[in-house]
Amino acid sequence: MERFDVIVVGAGHAGCEAAAAAARLGRRVAMVTLRLAHVGRLSCNPAIGGLAKGHLVRELDALGGLMARVTDASSIQFRRLNTRKGLAVQASRAQVDIDIYPQKMRSALECIESLELIEGEVAGVLTRGGSVSGVTLGDGTTLEAGAVVLTTGTFLSGVLHRGRSTEEGGRIGDGAAHRLSRSLTELGLRLGRLKTGTVPRLDSKTIDWDLLEVQHDTVPEGRFSFGRPTEKLPQIECHVAYTNAVVHELVKKNVHRSAMYSGAIVGRGPRYCPSIEDKIVRFPDRERHLLFLEPEGLSTDRVYVNGLSTSLPADVQEEMVRAVPGLENATILQHGYAVEYDFADPRDLGHDLQHREVRGLFLAGQVNGTSGYEEAAVQGFVAGASAATGSVFHVERSEGYLGVLIDDLVSRGVGGEPYRMFTSRAEHRLLLREDNADRRLMPRGRELGLIDDETWERFEARREAIARARVRLEETTVSPRAELVDALRERGLGGLKKPVSAEGLLRRPEARWTDLVELLQFPPLEGDVAEQVETDVKYAGYLAQAARRAEAAARLERVRLPESIDWESLDFLSSEVRERAAKARPVTLGQLARLPAVTPAAVNALAGWLARGRVSA
């Protein structure tokens, strides 16, 4: 019988971040996975980031997580999304090599001395006196620990569906964890069923690439990590294709054979990442749907058809793919399928992702009802850090997207479908941009002990450069000299009738720091530093308003709700508010305010009741 401080169950994106965080914080950690060869595996699309997800990757890096560095080391295409919109909703996305990414991740884990990787099936969670005491493996081995982090992904009682064909498994090539699912039910965890899906993979040699559009707007020098830049891999092109009336007719004619529509699947799928069947049924007037053909790596012929998730039978998939222009002769190397799996209700967790009834049991990733590598990774980090330190590692909603994600999960749950992060979920999103994730969260990572000296020195130098630039902008006065006025007009920056500060000049929409370098002999700045200064200046008014709103929300978060509140007795609240509060058990007035159906009037009424001292702590 071996003793560890923390046991992490699963080696996907949540498991890797949980194990790395806990071990780097000085704990002896075991990470148990069904197959060591699948550590850090990209079981769905070979990409990291995307809308709102890119924010999570940057935040994780600022705290000392692994995902951003591993992504940069395995990236084969980097893009910026939403560039026609404001910075708050712009995001980064990297296509990564499907083989190199897990290799780099495993190498990073194997460099951590106090982390042991174990191949085996966790069959049950052991408890003693209501607290976790370890796990049992399928071969009868017992591992002891005071904390267990479950990151089981889609493996709890997982079933794969393709048409009427089913098989057990969390993904193609892997089995399912039935015994662990039963063990969790016996411990009193509330489990439900959800569904996700994946797409066909094609042989690149059988695709007529000349008939497809090249996907542009790439950023070859792009990266996620705030650390020292690493050498980049060769970059590749992705392409765009479209469905058509023939494809749509095939789906309509065979939709009854889809596992989703035949009644074979009980769990609901992600609304915002729908199958092709869902798209065509829900949007019958759309003449075509966009498909992205994404090579899975530099040393493979497999191509991921993003946008064609399906659980239709193999024969229909063959017809459907070959009806797309450019794919007439395409060979399918792996057919798409849906996977249905158990998840645990995240409303039973605290903000440290620890179960409220089973002390020492933490849950992170898809087991909590989320979708996406990035959502899983940040949950793993929070669970691993909290398990290692024995305290709640908590990020507020006004501090980061990961704070929004976890607060949504533990306060509201997933609403019957997989939870996916969007910028619209963050009420303070103007403050939570990708570009300032280091300024928001790296001090927290340093305080925790997960930011190394070199990275911290680079961060401090960058922060000081921004501060010096702001001081220079404020202290420099620009007078309307004739030659300067002419130069401004030539650059499309407008005229100048009276003296203004350099800050006022930079606030003009078209002005850039490089203009001040050339016109006013300002010192040049590194690109990311200049971007931060420009953003801070141009959005100063909006940022100040957003900061005031965040502070108002923070005041609600500082009002703690005593555990002794008997919600049913508060007759000045509506029955719906009382019912939702009793079920969600909010710990602050802010959490109560974010529950569905809770009105500002209800929050004010409760605040007044608390101020009158009507409850004993």
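Is Gly64 buried or exposed? At 8% relative accessibility, Gly64 counts as buried; the term means under 20% relative accessible area, with exposed set at over 50% and partly exposed in between (1.4 Å probe, protein chains only). The model is predicted, so local features need pLDDT of at least 70 and side-chain atom pairs count only at pLDDT 80 or more, while totals for chains, interfaces and linings use all residues. Residues are numbered from 1 along each chain as its sequence is written, and side-chain values use heavy atoms, with hydrogens and water left out.

Gly64 lies in the loop between helix 2 and helix 3 (67-74). Helices (H or I, at least four residues) and strands (E, at least two) are DSSP runs, numbered from the N terminus. Residues up to four places away in sequence aside, Gly64 touches Arg24, Phe381, Leu450 and Ile451. Contact here means heavy atoms within 4.5 Å. Gly307 is 243 residues from Gly64 along the chain, and their C-alpha atoms are separated by 32 Å.

Helix 10 (residues 401-412) has twelve residues, and its end C-alpha atoms are 16 Å apart. This agrees with the span of 16 Å that should follow at 1.5 Å a residue, because the expected span is 1.5 Å times one less than the number of residues. Eleven of the twelve residues are buried, and the helix is mostly covered. Among the buried residues are Tyr401, Gly403, Asp407, Asp408 and Ser411. The buried residues of helix 10 pack against helix 2 (53-63), helix 9 (373-389), helix 11 (437-448), helix 18 (575-584) and helix 19 (589-593). Just after helix 10, Gly413 takes a positive phi of about 80 degrees.

Leu405 sits in helix 10. Its relative accessibility is 0%, so Leu405 counts as buried. Leu405 touches Thr370, Glu375, Val378, Gln379, Tyr419 and Met421, not counting residues up to four places away in sequence. Arg425 is 20 residues from Leu405 along the chain, with 8.4 Å between the two C-alpha atoms.

Strand 5 (residues 75-81) is largely enclosed by the rest of the structure, because six of its seven residues are buried. Strand 5 pairs with strand 6 (residues 91-96) in the antiparallel sense over six bridges; pairing requires that DSSP finds at least two bridges between the strands. Leu81 has Ala91 of strand 6 as its bridge partner.

Arg201 belongs to strand 15 (residues 201-203). At 2% relative accessibility, Arg201 counts as buried. Leaving aside neighbours within four places in sequence, the contacts of Arg201 include Ser43, Cys44, Glu296, Arg302 and Tyr304.

Rolling a probe the size of a water molecule over the atoms shows where empty space is left. The second largest pocket has a volume of about 1000 Å³. Of the 40 residues that line this pocket, the closest to its centre are Arg462, Gly527, Asp528, Val529 and Glu531. A pocket is an open set of points on a 1 Å grid over the protein atoms alone, where a 1.4 Å probe fits, with protein on both sides within 12 Å along at least five of seven lines; lining residues have an atom within 4 Å of a point. The volume is the space filled by probe spheres set on the points, which are joined across faces, edges and corners. Strand 5, helix 11, helix 12 (453-475) and helix 16 (527-538) each supply at least two lining residues. Helix 12 gives the largest share, nine residues. By class, the lining has 16 nonpolar, seven polar and 17 charged residues. Ala, Val, Leu, Ile, Met, Phe, Trp, Tyr, Cys and Pro count as nonpolar, Asp, Glu, Lys and Arg as charged, and the others, Gly among them, as polar.
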